[in-house]
Amino acid sequence: MDSRMLTWMMKAAVVWSLLRLSAPQNPAPEGVLNCCEGDVLFLVDSSGSVTYYEHARILSFLSELLLPFSLGKDQVRVGLLQVGTNPRLEFGFDRYSTQSGLQGALKTIRPLRGDTNTVEALKIAKDWVLRPRIPDGAQESLPRVLVWLTDGIKPGDVIGPMAELREEGVAVLVVSTGHSNYKVLREVVSPPVENHLHFVHIDDMSIITKDLRDAIIEIIRAERLHVREVSTNSANLHWRAVLSGLEGSYKIHLGEVSTGGGGGGGGTGTSPSIGGNPYQRLVQPAESNSIRLTGLKPDTTYSVSLFPESTGLTFNTLSTTFTTKPEVVSPAVLTVSDSRQSSVRVSWGPLQPETVTSYYVEYSTLSGGSLQTVTVDRTQNSTLLRNLQPGTTYLVTVAARHASGKEKAMSVKVCTQEVTPALADLQLTTVGSDSVQVDWKSSADGLRGYWLTWEAQEISVPAQRSSLYLPPDSLSTRLTHLPPSARVCVSPIYRTARGDGLCCTAQFHSDASVYGFQS
């Protein structure tokens, strides 16, 4: 047998023995299985400076480190990228969703040897493996972690690439098994340095297993208990269905953080987590992932804990707090829209058909007119008030009768639009070659004046436009020095708007370019 082949077989036997002897046999530590959600990429130095023995020890360390985690989508996804002359992705995030598959893969990985081309490996990690929104890349909006295991020998200029990863939100952790440059490694890790940078001898890597695992967990720990659709008296509790396909159930404890608490449901008890206050005890089947919490008090802070239970398995106890919304009694908001001469729409909110029996609307003029009343069904939150007086201010009050016997009312001032009659008549009488006598008729009440405008109509005359306000008792005026074919318009002015006016064109021969008025 060739001596080189014999040497290789002996090295392979050593590696296999180390992997078998050091393969972790202990059950998963309590509280880790259901802890986390995110993508973790291990950057493993397997260049020529790393011996077969050291490479095997690193893989054994990773096997023990990763054993407790639940793998797959919505859990923890793991990738491994080896560093050599030509870095190689051994497996990506989507490859393994079971511990048996991952543990088997770690036993079959061989070192690449060659140069320590860490910079190229980091480029692959940044542009491909750890990038969200690309096929087989990282999951969007979830934590991303890069764990670099190196012997520290000639890693290359890694400070820049590592900084780019951190700027993109990737947490960088480092384990050094050799005589590395502390200053460089300290600069590339994400803070806090004391938790994310480890120096350890290759034969003593197991002593940092728990510390490194805890550091990873702290970054990718998943908040799996969510409270949504919170109202004054209810809320929806959502969680990840970690018991799906298993025999078991979810125990839920709900109680007020302040003194006092709710009861009913599946029973009551007291909980140290809420200061010994009574709590409501609920039970949900293994296939469920939500429950609607009802009968809550307005503006109250609650503590809720979820206990997934299944024989032979250990899961985290998940807890959170939430505060119900303050009680808002309708009507809390009153608005006015679609104001016209004889009608206006009044709206209110919030709509509370479950607590309101009916609404009634009262309105009268501010000057003290008769009081009018309209009754509105509890399912409606607006009404159109009709037969109102034009140009008048009303005081409108909306009151709600609640099933509890309470009444609440709000008031608002509304104004109808005034009547704005159009100008009755307009006549122009030319006086000379560039003047015109303007006469009009109007007998409307509430008139505030007239707006008079005139402008040239011919293209040959430069654009000229002028305007004039006249008091309400004026019914005529004389304009002088008008341009040829001048267009004259008169509009009545009222308190809130301008009425429709009339226009006429003055026909006379004149080259005048200066114009004015004479009243």
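I count two residues as in contact when heavy atoms lie within 4.5 Å. This is a predicted model, where local features need pLDDT of at least 70 and side-chain atom pairs count only at pLDDT 80 or more, while totals for chains, interfaces and linings use all residues. Residues are numbered from 1 along each chain as its sequence is written, and side-chain values use heavy atoms, with hydrogens and water left out.

I looked up Leu62 and, leaving aside neighbours within four places in sequence, found it in contact with Phe42, Val44, Leu80, Leu106 and Leu149. Next came the nonpolar cores (buried Ala, Val, Leu, Ile, Met, Phe, Trp, Tyr and Cys joined through side-chain atoms within 4.5 Å; buried is under 20% relative accessible area, 1.4 Å probe, protein chains only). The largest has 36 residues, and Phe42, Leu62, Leu80, Val147, Leu149 and Ile216 touch the most other members. H2 gives this core its largest share, six residues.

**Helix H8.** Helices here are DSSP runs (H or I, at least four residues; strands are E, at least two), numbered from the N terminus. I checked the length of H8, residues 209-220: its 12 residues should span 16 Å at 1.5 Å a residue, and the end C-alpha atoms are 17 Å apart, so that agrees. Its buried residues include Leu212, Ile216 and Ile220.

**Ser47.** I found Ser47 in the loop between strand S1 (38-45) and helix H2 (52-66). Is Ser47 buried or exposed? Ser47 counts as buried because its relative accessibility is 0%. Beyond four places in sequence, its contacts include Val83, Arg113 and Thr116.

Note on methods: Buried means under 20% relative accessible area, exposed over 50%, partly exposed in between (1.4 Å probe, protein chains only). The expected span of a helix is 1.5 Å times one less than its number of residues.
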